[in-house]
Amino acid sequence: MTSDEIFMARAVELAAQGREHTAPNPCVGAVMVSDGQIVAEGWHHFCGGLHAERECIADARKKGVDMTACTMYVTLEPCNHYGKTPPCTQGIIEAGIRHIVVGARDPNAVAAGGVEFLREKGITVQTGILERECLDLISDFIVWQKTARPYSIVKMASTLDGRIAGPEGKPEAVSSPESFAQVQNLRAIVGAIIVGGNTLYQDNPGLTCRKPNLPEDFIQPRPVFVTSRLPEADSELTAISARFSETIFWTDEETACSNAAKQLREKGIEVTGLPYSENGLNLKIGLEKLRTDHGILRTLCEGGGKLAMSLVSAGLCDELVWFQAPRILGNENGVPVFSGGKAGSMAETVNFRMCSFEKSGPDLKIIFKPEDS
């Protein structure tokens, strides 16, 4: 890596720390460099708080850094408009910084234009350093800007031979306790968890975030079930008995008009009828309703394989988080990680690119994003 890439990589690392709290803003990181050394750092901590550039400038001031002799590296183009905070371009000018390195341009037309503004003021601006990584940081923000739906994460855990359960489909842990903890981190940043009907009836999930030390005002993600077989309103399923005011069912339009749907609604449960598309139920409409009706910005699909494949086939998987356990089931009748697709050859596959990988206990955690994102 070049020195520019090393410094930008640190800014990317800082930015990722804010992912849980910055929505609907993008997560952004910044570092200040003097004589080849990082002398100040900052990132956007929460929506409404100081942007990364101003955090970094404040850190430099606290340390007595001469910013006129520094280069600032920032993952996203400095904003050039008044929002909840003043423009970062103005803060950069006031700090006397003469050289800025930008990872990615801002996809938000309202906030864009910072690069040109800074250049007009005589500041040297370099762009495109680790651009792909910086864009991946804000892939959720890009979805919010360009679509009417939430950012859609699909989580899967499988054996090395691609199985998520044995032939009988019994609910058994595939991955490690460390991976379970990582899944709770994912649940902490989403507004809804989506599963299929088989998961509802076989696992009776609560679909809550069980991350330790959650803040008192934490709002649990809504459970969303995709099924053509609605449960009875007096069912003892956790979603019906304990989380009825939060639970949502997505089903076909005919079932949504049934007596079972009526009784669930009378209990306070939301039942949404979705039309069919070539990939089954039109899940895009359901996702858009989550954002429109409930303000949900991120969703997490936790299976099973058919539901996950439906999202992938419809272009509704913005991020695939895969926990691969170092285990082999070896039974061809085991439940596959994805199923129900229609591809007949490798030329018809849905393609992803690997963004990152890391160990998660004994498992391998891999993050993929659509190849064309």
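## Burial in helix α12

A residue is counted as buried when its relative accessible area is under 20%. By that criterion, in this predicted model, helix α12, which spans residues 305-313, has Gly305, Leu307, Ala308, Met309, Leu311 and Val312 buried. After α12 comes Gly315, with a positive phi near 70°.

## Helix α2 and its surroundings

In α2 (residues 52-62), the buried residues are Ala52, Glu53, Arg54, Cys56, Ile57, Asp59 and Ala60. These buried residues pack against four elements: the strands β1, β2 and β3, and the helix α3. Gly64 follows α2 and has a positive phi, near 70°.

## Packing of α2 on α3

Two packed helices are described by the angle between their axes and the distance between the axes. For α2 and α3 (residues 88-95), the axes come within 9 Å and cross at roughly 25°. Because angles under 35 degrees count as roughly parallel, α2 is roughly parallel to α3. The crossing of α2 past α3 is left-handed.

On the α2 side, the contact involves Glu53, Arg54, Ile57 and Arg61; on the α3 side, Cys88, Gln90, Gly91, Ile92, Glu94 and Ala95 take part. Sorted by class, the residues of this contact comprise four nonpolar, two polar and four charged. Among the α2 residues that meet α3 are Glu53, Arg54 and Ile57, which also belong to the buried residues of α2.

## The five-stranded sheet

An open sheet is formed by five strands in the order β2-β1-β3-β4-β5, with mixed pairing. Its edges are β2 (37-43) and β5 (124-127), each of which pairs on one side only. From one strand to the next, the twist averages 20°.

Within this sheet, β1 (residues 29-34) and β3 (residues 71-76) run antiparallel and are joined by four bridges.

## Arg163 in strand β7

Arg163 lies in strand β7, which covers residues 163-165. Its relative accessible area is 18%, so Arg163 is buried. Leaving aside residues up to four places away in sequence, Arg163 touches Ala157, Ser158, Val174, Leu329, Asn331, Glu332, Gly334, Val335 and Pro336.

Arg265 is 102 residues from Arg163 along the chain, and the C-alpha atoms of the two arginines are separated by 36 Å.

Technical notes. Residues numbered from 1 in each chain as written. Predicted model: local features only at pLDDT ≥ 70, side-chain atom pairs only at ≥ 80, totals over all residues. Heavy atoms only, no water. Axes fitted to C-alpha atoms, helices over the stretch in contact; angles between N-to-C directions. Helix = DSSP H or I, 4+ residues; strand = E, 2+ residues; numbered from the N terminus. Parallel < 35°, antiparallel > 145°, perpendicular 65-115°, else oblique. Left-handed = near helix turned anticlockwise from the far one by under 90°. Contact = heavy atoms within 4.5 Å. Nonpolar A, V, L, I, M, F, W, Y, C, P; charged D, E, K, R; others polar. Pairing = 2+ DSSP bridges. Buried < 20%, exposed > 50% of the residue type's maximum accessible area, 1.4 Å probe, protein only.
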